Each structure stands twice: as C-alpha cells, then as structure tokens.
Amino acid sequence: MKLIHSAFLLVFLQFGSLEGRKGWRSGRGNPQPRRAQQSPPTRDRAEAGVEESFSLDFTAVGEGNMDDFMAQIKNLAQSLYPCSSPNIKHEMRLHSLENTSVVCNDGTPAGFIPYCSSDVWSGASTKSDKSDYAFMGSLIIKEVVKELLTKGLDNAKVLLLAGSSAGGTGVLLNVDRVAEQLQEMGHKGIQVRGLSDSGWFLDNKQYRRTDCVDTINCAPTEAIKIGIKYWNGVVPERCKQQFREGEEWNCFFGYKVYPALRSPVFVVQWLFDEAQLTLDNIHLTGQPVQEGQWLYIQNLGRELRNTLKDVPAMFAPACLSHEAITRSYWMDIQVKGTSLPRALHCWDRSLHDNNKNNKNPPKGCPVHLIDSCPWPHCNPTCPTIRDQFTGQEMNVIQFLMHMGFDVQKMAQQQGMEPNKLLGMLSSGS
C-alpha cells in the first residue's frame, strides 16, 4: 500500500532505552535501539543483541557541578550504537550537515538523522565557555529540511515528520515550525504533516513520589523544567502564548500543545505506555503488582483515553508497550478491527478529500481509533508478552493474573460471574 503519494518522510528517532523495560518484554521482534556514534566496545554488545539503559544523575547539577553532569551525557553519547555498516545502502548512510555550526551534543557534525541532541528536538543552545556541550535539536531539523530541498523535497507534495518516543514529542514541537519554514522559503505547495508515536506523555502525579536525582526517578514535569533550561528549548509559538513566561515547559505535553497546532497530526499512543509508567515509578519487574499499583495502571489508561478523546486522527490500543512504528509488528496491531496501516491510509484519504472541500470522512475508513477495554493487553492483537524469567509467551489471562489481577474481585465490580469475565478476556471482548 502506498501511503502517501509524492511524500518525503523525515523520521525522528528516540533517545536511548528505558530502564522500565527490564521487566516485561513485549513484541513479535527484538527492540531496535538506534545509536549515533560508533564505539568499538559497544559494537560488540550491539551485535550480541544486548539492550542497555542509562540514567543521568541530577545531583551534580544541584551542587553546581555542571561538568560532571555533562560528562555523563558524553559517556552516554559515546555508548550509542554505530549507525552505519558496509552493507547499508548509500541513501541510508549518515549525511553530515553542510552547516557545520549546527552540531551534536559533543560538537561533532550533526546530520540525518540519528538523534544526537538529547533535547527532545527542541534545543537551541550552542557550545560556550560555560558549557562544553550543545543542545541544537530544533536547529538540526531546520538544517535537515534545507538540505532535503536540494535532494528532491522541493518536488514533493507532502512532508511527513514521523518520530517515536522523544521523537514523537519532537514531532509535536516542530511540525508547525517546519511548515512555516517551507512557506518562508517559497515552498507553499508542500503540505507538512506529523506522525507522533509514543510521545504523548502526561504531567500526572507519580505513583510514588521520589526526589528528582536522575531521569528515571524524576517526575515528567520536573524533568522537563530542568531540561528546557539547559537546552534553551524552543516550543511552538501559539502554545507558548497560552502560558506565562517561564511555563513554556507545558508545551512538551501532547494534550497541551496539540490544540495549538495548525498542521495535521496523527497520534499513535499505547494506553499503557511503558515509558510513562517508568516515569510514574511503576516498575514492572515480573513480580505481581500491588493493588494500589494495579489501580494506578488502570487510571493511567483512563487519563490517556480522556486526553485523546478530541484528537480526530489517532490510534490508541490498550496495550502495555512503548513505540509502535519502529517495531516489526506495527502492521499487526488493530483497534476495533482496523490496523494502523489502514488507519494511516484513511487519514491520508481524509486529508486529500478535505483539500477538495469534502469535509466528511471517507465511509468505512475510520481515523479515530481508541480501545475502550480497561486493562493492559485486553486487546487480543497486542504485542506478545513473555515471562521475563522463563521466556514463555503468556496469553492475556496469564499475564493479568501474573500481575496480580483478582478475577473474583474484578468480576464482582463488573457485576458478572467470574467465568463470564474470563471468557470475555479470552475472546478479547
């Protein structure tokens, strides 16, 4: 299926791996971490299929020792997987930007488009006497668009910005800015669209509040408040105007920035996102969860569902996972009988028809798809869950019961017999 005719695809990649993934493993294929700089010791680990995670210690910042904190970032960047190999076609090799003043964290040339700015694609901070590190994500995107215009983008009808995790948030932060950039450069015929995958985070209260000493334990709001200062983060102007000075951090959260966007954006978001749960201090390590944790997880699904209700184009399965479009199983997941590729095709059709002044969505072609079932993995097409210790696949009943799901109690709350509830779970009802 050809999704978008005459379209360029600019993909924003995520930042690192999540410590929260040490517990449950989901998927029909192995995760594919993308790393920017080549490091021989890391190459061996990458080829062995080892997934690593890192945390940053903010205590150094609090003590005024910025050098220690930035050294952590440098070590993390140097641990990234290599981005090229002799077998990769020329088009997929790293292209360094012609504008050498726009750089990665450590001052090496930026390009397209492993993620090397560590700023959710928002930064506009150059290296200086006070800091040996740069955060130039928003400037990197601007330069990449300029160079793509010389490589065929000038003949395109559509530019689709797509990203996962931090890249998904980066799409929300940059889609309108890229549209404005192309207009200012005289390319008014190119429609800019966004595809934001797993970047719709909530600024909710953590399950268990902890001091903000590293990126794993730091609450989402506190992490962004700290980061935006170091990055000199840039947010969409229309969103920025809705908040007081110093509160621009609000625009990093999807449900707050989305209403201010002018460009069409399709949102892909797991209702039980592993990254969100990790930020909220729910660590699923393979042990049954406590009742309070279980209630928190269910409430997270309700909160995410509520923030997405007014998003016209979206795909939100009730699954426990993180990232979709980067996974080998991305075409297998369905919501209410519709797959993600089908939903994206319908979205493309709806935008094409709207350009012809037909405001009605195509019949039988839904674009607003969100699961209504209340538990993680209650959708039977969710990625496979494997027991961390045995490696064996678990069906939804085994998974829920292993997490501490009380069938008797839940059936009583739903006003039905336990056997009926189990039957509904088995069939994915």
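Visitor: Is the crossing of α4 and α5 left-handed or right-handed?

Guide: This is a predicted model, in which local features need pLDDT of at least 70 and side-chain atom pairs count only at pLDDT 80 or more, while totals for chains, interfaces and linings use all residues. Residues are numbered from 1 along each chain as its sequence is written, and side-chain values use heavy atoms, with hydrogens and water left out. A crossing is called left-handed if the near helix is turned anticlockwise from the far one by less than a right angle, and right-handed if clockwise. By that rule, the crossing of α4 and α5 is right-handed.

Visitor: Which residues of α5 make the contact with α4?

Guide: Contact means heavy atoms within 4.5 Å. On the α4 side, the contact is made by S138, I141, K142, V145, K146 and L149, and on the α5 side by N174, V178, Q181 and L182.

Visitor: How many of the residues of α4 are buried?

Guide: Helix α4 covers residues 137–149, where a helix is a DSSP run of H or I with at least four residues, a strand is a run of E with at least two, and both are numbered from the N terminus. Buried means under 20% relative accessible area, exposed over 50% and partly exposed in between, with a 1.4 Å probe and protein chains only. Among the buried residues of α4 are I141, V145 and L149. The helix is largely enclosed by the rest of the structure, because the buried count among its 13 residues is 10.

Visitor: Why does S165 count as buried?

Guide: S165 is found in the loop between β5 (158–164) and α5 (166–184), and has a positive phi of about 60 degrees although it is not a glycine. S165 counts as buried because its relative accessibility is 12%.

Visitor: What is the relative accessibility of E323?

Guide: E323, which is not a glycine, also has a positive phi, of about 75 degrees, and its place is in the loop between β10 (320–321) and β11 (334–335). E323 counts as buried, because its relative accessibility is 1%.

Conventions:
Expected span 1.5 Å × (residues − 1).
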